[in-house]
Amino acid sequence: MRTLLLAATWLCLGPSLDALSLGGRRTEAADGGEKPLRRVRRGWMWNQFFLQEEYTGSDYQYIGKLQSDQDHGNGVVKYVLSGEGAGTVFVIDENNGDLHATRRLDREEKAFYILRATVVNKRTGQKLEPETEFTVKLHDINDNEPHFSKEVYTGSVPERSDIGTSVIQVTATDADDGMYGNSAKLVYSISQGHPYFSVDPNTGVIRTALGPRDMDREQREHYQVVIEAKDMAGQRGGLTGTTVVNITLTDVNDNPPHFTQSIYQFRVPESSRSGSPVGRIRATDRDTGKNAEMYFTIASGDGMDMFDISTDRVTQEGVISVSKPLDFEKKPSYTVEIQVQNTQLDPRFMSMSSKNMATVRIGVEDVDEPPLFDKASYLMELKEDAEVGAAVGSVSAVDPDGARSMVKYSIDRRTDMDRLFNVHPGNGSVFLLRRLDREEAAWHNISIIATEFNNPRQSSHAPVFIRLLDINDNAPAFATVYETFVCERTKAGQRIQTVSAVDADEPSTGHKFFFSLAPEMMHRSNFTVRDNGDNTASILTRRASYSRLHQSVYLVPVVITDGDYPMQSSTGTLTVRVCTCDREGNMELCNPEALSSSPGLSTGALIAILLCAIILLMIVVLFTALRRQRKKEPLIISKEDVRDNVVSYNDEGGGEEDTQAFDIGALRHPDAAAALEETAKQRRDIIPTDTLLYPAHRRPAPAAGLILPPVGVASRGNGDVREFINQRVLENDCNPTAPPYDSLATYAYEGAGSVAESLSSLGSASSEAEQDYHYLSDWGPRFKKLADLYGTEDSDFS
């Protein structure tokens with residue numbers, strides 16, 4: 001392989017120039033004789049160029065020269081360059097191998113470039129040398145100033161720290177090459193913040209420069225420090241960068257709390273209850289946060305037992321409150337010493353006065369107080385057989401004020417609804433109003449009210465607990481209902497039942513019961529009673545056999561007596577059934593009448609019978625009410641009053657049996673029917689005519705749809721009927737709810753003067769004989785239809 005000779009103006013690495021000889025090296029023979037020199041092929045002697053960055057000249061910057069031993073200067077060899085920036089950043093003279101940079105380069109953007117070079121024959125294009133790689137490195141110059149990682153730093157240090165306490169570390173970097181010269185070697189300094197802080201020139205650590213007394217947060221809390229970083233190891237001509245550091249002194253508990261005033265005065269009513277606030281006292285602390293939290297205590301004074309003090313965690317104030325009842329008459333004023341201190345103390349500053357004292361004077365105000373009972377509650381005892389009016393006990397209350405007003409007593413009736421007790425209003429004696437029974441209620445709790453005479457609004461209550469003492473006034477009885485049986489075949493002295501007793505009384509020594517057989521049954525009883533001595537008794541047989549068929553049930557009277565005074569006793573009857581038993585004595589069969597506990601119906605049957613009776617009763621009541629609603633006044637009260645009416649609506653009605661069309665009672669009482677409301681609304685479809693105003697001989701034309709009888713039809717005695725008919729006409733004219741004007745409403749009365757006489761069948765005699773109704777045709781066209789109906793043969797209707 002042929003070699004390329006490289007020459008450059010900047011040579012830093014690689015062999016010296018005198019080693020780049022183009023000839024071979026001399027060799028000696030083994031015998032020490034000289035031999036002729038022989039050329040030896042070599043490769044690249046070194047493969048890198050160095051170029052200074054930030055070139056400011058106007059021409060291309062010369063880098064170096066590439067030389068091949070194939071280049072004999074005859075113009076046949078051509079140099080070719082490739083790699084990073086070839087042809088753009090770097091160019092080579094293809095004839096002589098000179099290498100140049102075409103533009104200004106920055107090492108901070110790219111520190112080196114890798115290129116490749118070769119030589120080819122200009123005529124044939126054939127490579128004369130293999131491609132060889134080399135590097136172009138940029139030499140650094142100090143063209144970048146230091147930069148801090150933050151524009152603004154924030155740090156803190158406790159106040160009163162010692163000199164040299166570390167606060168924060170700042171760091172700056174330089175983009176220049178640290179391996180070449182001092183361009184990237186930085187030195188830190190403080191340009192603002194003296195004399196409080198200092199900075200380490202090599203590490204950038206900021207420390208306190210003053211002692212604890214000078215670094216007091218309460219005097220100055222915030223500091224602004226400016227730090228400077230300079231390259232070139234701080235020498236002249238170096239570049240600098242700056243940053244701002246905000247430093248805050250954090251609080252420590254170096255200040256005790258202090259009261260805002262040395263003496264406080266408060267007043268409190270003597271009626272204040274326990275826990276009532278009296279007043280608030282305040283203390284200040286220059287510290288903040290938890291270091292300013294404080295608590296108050298009562299250190300001394302005559303009111304240490306009467307008052308308490310607590311700390312309001314929100315406002316950090318001391319709250320004085322009442323702990324015991326106050327009495328102006330006993331002590332009108334109190335004085336206490338209040339102490340305040342921090343809740344969290346710093347041992348370094350314990351030597352300072354960490355406690356502060358203040359004097360509090362509290363005056364008690366006199367108020368009108370309610371009466372005060374000599375006891376908080378009363379316990380009284382009374383025998384249950386006490387008579388009405390017997391004394392139970394007494395209460396006492398006095399007015400605690402200086403006036404010593406008289407007190408009257410009464411019972412709060414809400415606590416004594418049955419009015420069992422009363423109290424004397426003057427001396428407070430409690431006495432009985434009604435007889436009591438301990439077995440009903442063993443305790444009675446009442447409340448007695450004490451009220452001032454001069455001021456009834458001042459009152460107080462005291463509970464009174466009354467316990468009734470027991471007396472032996474209840475007889476013992478069986479503890480339960482016993483179901484006892486005896487086998488037909490048994491033996492004398494066999495125990496068939498064990499009984500016990502209960503007593504509503506409660507003797508102080510406990511119950512003691514005695515059992516015995518009733519005296520009248522001592523000699524003729526089939527059973528005997530044996531007292532066991534432990535408040536129980538055994539029922540024993542006296543015979544060896546019993547017959548269920550002869551007698552199935554036996555009644556055994558047992559006398560139970562208690563052991564208290566006065567002695568009480570009762571007789572309980574034990575029912576013993578005779579049953580058939582097996583060999584082990586187990587019951588097998590008893591008489592049905594013996595098994596039934598009590599004759600009669602069950603509860604379910606009684607309820608069913610009662611419901612049936614209630615349902616039957618409701619049905620009877622409902623039927624009676626319906627019958628009463630159907631009852632109406634009879635159409636004709638007297639047989640002589642046979643007046644009827646005809647109301648025609650131009651339709652076929654129910655015939656003679658239709659009596660619902662018109663109430664004939666209106667004809668019997670024309671005066672009542674004639675009472676019309678004068679303020680009735682007028683109809684709009686017709687013009688009303690007052691027919692009552694016209695005399696009998698001059699009648700107006702009837703309203704449309706109304707048919708009036710002839711004037712001569714009614715006799716003089718029937719004027720009331722004429723007035724009634726005229727009134728009905730007026731009603732139809734004036735009533736807005738009446739049928740339309742073109743409807744037909746006929747009101748007529750057939751009196752004694754009628755030629756046809758009455759058509760009503762109410763007064764006619766019943767006859768099944770055939771009648772001739774052709775004469776109806778002679779009465780006029782109005783009766784023609786009627787004649788046709790009644791004149792038809794019966795066969796026509798069949």
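**Surface patch, sheet and salt bridges**

Modeller: To begin, I607, L610, L611, I614 and M618 make a nonpolar surface patch of about 510 Å². The model is predicted.

Colleague: Is M618 buried or exposed?

Modeller: M618 is one of the patch residues and lies in helix α2, residues 603–630. Exposed means over 50% relative accessible area. M618 has 57% relative accessibility, so it counts as exposed.

Colleague: What feature does UniProt place at residues 605–626?

Modeller: Over residues 605–626 the chain is 100% helix and 0% strand, with the end C-alpha atoms 32 Å apart. The UniProt entry, which is unreviewed, gives this stretch as "transmembrane region".

Colleague: Which strands stand at the edges of the open sheet of four strands?

Modeller: The order in this sheet is β10-β17-β16-β13, and the pairing is mixed. Two of the strands have a single partner strand each, so one side of each is left without a neighbour in the sheet: these are β10 (152–158) and β13 (187–192).

Colleague: By what angle are neighbouring strands of this sheet turned against each other on average?

Modeller: Direction is ignored in this average. The value is 30°.

Colleague: How many bridges join strand β16 to strand β17?

Modeller: β16 covers residues 222–230 and β17 covers residues 240–250; the two run antiparallel. A229 stands opposite G241 in β17. The number of bridges joining β16 to β17 is nine.

Colleague: Why does the salt bridge of E317 with R280 tie together parts that are apart in sequence, and how many residues apart are they?

Modeller: The closest N and O atoms of E317 and R280 are 2.9 Å apart. E317 is buried, at 10% relative accessible area, whereas R280 is partly exposed, at 43%. Because E317 lies in strand β23 (residues 317–322) and R280 in strand β20 (residues 277–284), the pair ties together parts separated in sequence by 37 residues.

Colleague: How far apart are the closest N and O atoms in the salt bridge of E488 with R548?

Modeller: E488 is in the loop between β36 (484–487) and β37 (495–502), and R548 is in the loop between β40 (536–541) and β41 (553–562), 60 residues apart. Buried means under 20% relative accessible area; E488 has 19% relative accessibility and counts as buried, and R548 is buried at 16%. The closest N and O atoms of E488 and R548 are apart by 4.0 Å.

Colleague: Which residues are linked in a network of salt bridges?

Modeller: A search of the whole structure finds 22 salt bridges. The residues linked in a network are R217, E218, E221 and D251.

Conventions:
Residues are numbered from 1 along each chain as its sequence is written. This is a predicted model: local features need pLDDT of at least 70, side-chain atom pairs count only at pLDDT 80 or more; totals for chains, interfaces and linings use all residues. Side-chain values use heavy atoms; hydrogens and water are left out. UniProt positions are given in the numbering used here, feature names are shortened, and annotations may be inferred rather than shown by experiment. Two strands pair if DSSP finds at least two bridges between them. Axes are lines fitted to C-alpha atoms, for helices over the stretch in contact, and angles run from 0 to 180 degrees between N-to-C directions. Patches are made of residues with over 30% relative accessible area and no salt bridge: like charges are joined within 9 Å, nonpolar side chains (Val, Leu, Ile, Met, Phe, Trp, Tyr) within 5 Å. Accessible areas come from the Shrake-Rupley method with a 1.4 Å probe; for residues, only the protein chains shown count as cover. A salt bridge is a side-chain nitrogen of Lys or Arg within 4 Å of a carboxyl oxygen of Asp or Glu. Buried means under 20% relative accessible area, exposed over 50%, partly exposed in between (1.4 Å probe, protein chains only).
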